[in-house]
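Subject: Handing over the structure

Dear colleague,

Here is the structure that I promised to pass on to you. Please open it alongside this message, as the notes below refer to it throughout.

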Amino acid sequence: MIGLLDVNNMYVSCERSFDCSLDNQAVVVLSNNDGCVIARSNEAKELGIKMGTPFFQLDKLRQQHDIRVFSSNYTLYGDMSARIMATIGRFVEQVEIYSIDEAFMNLASYESVYPDLNQFGRELRQTVAQWHRIPVSIGLAPTKTLCKVANYFAKRMVEHEGVLLLDRPDKIDDVLHEFEVADLWGIGSRYASLLRRNGIRTAAQFRNAPDDWISQHLTVNGLRLAYELRSIPCKLLEVEVLPKKAICFAPSFGRLIPDYNTIAQGLATYIARAAYKLRKQNSAAGTLTVFLHTNRFQRSPNGELAKQYYNSRTVDLPHPTSSNAELVAYASAALKSVYRFGYAYQKVGIILSNLVPDNHRQLALFSDSLDERLVKLHQVTDRLNHRYGRDKVRFAAQGYDPTWKIKQQWVSPHYTTQWKDILAVK
């Protein structure tokens, strides 16, 4: 058996975990630069607020229903996610962290430890609620896809009390007849339209479709999905975290930036973030791509769309590196080649690709190898920044101008990661 733990309304639940006044109240969390709604409480969903709704469209509704608004606090959400995953590890050894709010659990060898899986799910759910004050839903089934289905009903149907076990063919058959094919894990809008045109509207109908037809129209991935619905495991748990094959960092500016120097500061800061992720997984990048673009929705004073500009430049590095100094040097040259005066830019970004292990040393005849002094330098700076806070030690190219950084007008305190924000008991 496999279990799936899914946090209910993750970002909103993290905010409520430290602020009891938010309970039973409509709450929304916004994307970068406070642009769109990316998380909603159940009360906000009942008001008709859709995922991705631009925040400016909620002004009237927010005043009418006293909707509480928060900027994204990814530091808090990431730390709370790590705590929840550590709690799961106290119950089950093999855990696949699928996303910030989801984790699969391998229960195959726990029959003697947890003979009643329903009781196991209730205990785990209660523990997370008690330790972290965050609600979760748990689906239990023979395959990962069926776990997704079980979790869907556990979250939405009150009678299940947050836990649903699909351990019998009749129970699986009942829920699949009620499950829309468009909501299946791995079925996108195009495949959903194709299936509806062919009279397949429920997960049960898709499961019972001929293998040849599924393979022809939905490829081998669709066939694996059908097998999973038939309780035949095809998607194994990935317990070991694989290193990333590429790293991208490209948040939008908090305001439109016209001058090169400010854009260069933002790019150097993004490179520092991406390079830290490289070093954290013991990798080095062989290729970097720099891109920048204007705001495609910006309009001129007469109401017409403003003139737009987009460009990018890819550089193959002479040797793989994870050094901020080297990456900034090559990225700055690439930025100069694509920057055009006369535009106000919304975003600059960096993509690091062609990743190899950091001990990879390919000697070349006409280029120098990585300077080992830079390796030692970053070992020291990473330790200092980990201890005293991000960017406490930084390269001068990153600057100190706060005006270009993303807007976070309603960001909550960092309750778990900053001493000054720790709650005080009175």
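Predicted model: local features only at pLDDT ≥ 70, side-chain atom pairs only at ≥ 80, totals over all residues.

Residues are numbered from 1 along each chain as its sequence is written, and side-chain values use heavy atoms, with hydrogens and water left out.

The sheet is open and has five strands in the order S5-S6-S1-S7-S8, with mixed pairing (strands being DSSP runs of E of at least two residues and helices runs of H or I of at least four, numbered from the N terminus; two strands pair if DSSP finds at least two bridges between them). S5 and strand S8 (163-165) stand at the edges with a single partner strand each, so that one side of each has no neighbour in the sheet. On average, and with direction ignored, neighbouring strands are turned by 15 degrees against each other (axes are lines fitted to C-alpha atoms, for helices over the stretch in contact, and angles run from 0 to 180 degrees between N-to-C directions).

Strand S6 (residues 102-106) is largely enclosed by the rest of the structure, because four of its five residues are buried (buried means under 20% relative accessible area, exposed over 50%, and partly exposed in between, with a 1.4 Å probe and protein chains only). S6 runs antiparallel to strand S1 (residues 2-7), to which five bridges join it, and leucine 5 has alanine 103 of S6 as its bridge partner. Strand S5 (residues 95-99) also pairs with S6 in the antiparallel sense, over four bridges, and a hairpin of two residues joins S5 to S6.

Strand S7 (residues 136-141) and S8, by contrast, pair in the parallel sense over three bridges, with glycine 139 opposite leucine 164 in S8. Helix H6 (residues 144-156) packs on the sheet and touches S1, S5, S6, S7 and S8, its direction making about 140 degrees with that of S7 (contact means heavy atoms within 4.5 Å).

Elsewhere, leucine 384 lies in helix H13 (residues 372-388) and is partly exposed, with a relative accessible area of 34%.

Finally, methionine 51 is in the loop between helix H2 (42-46) and helix H3 (59-65), where, leaving aside residues up to four places away in sequence, methionine 51 touches Val37, Ile38, Ala39 and Arg40.

With best regards
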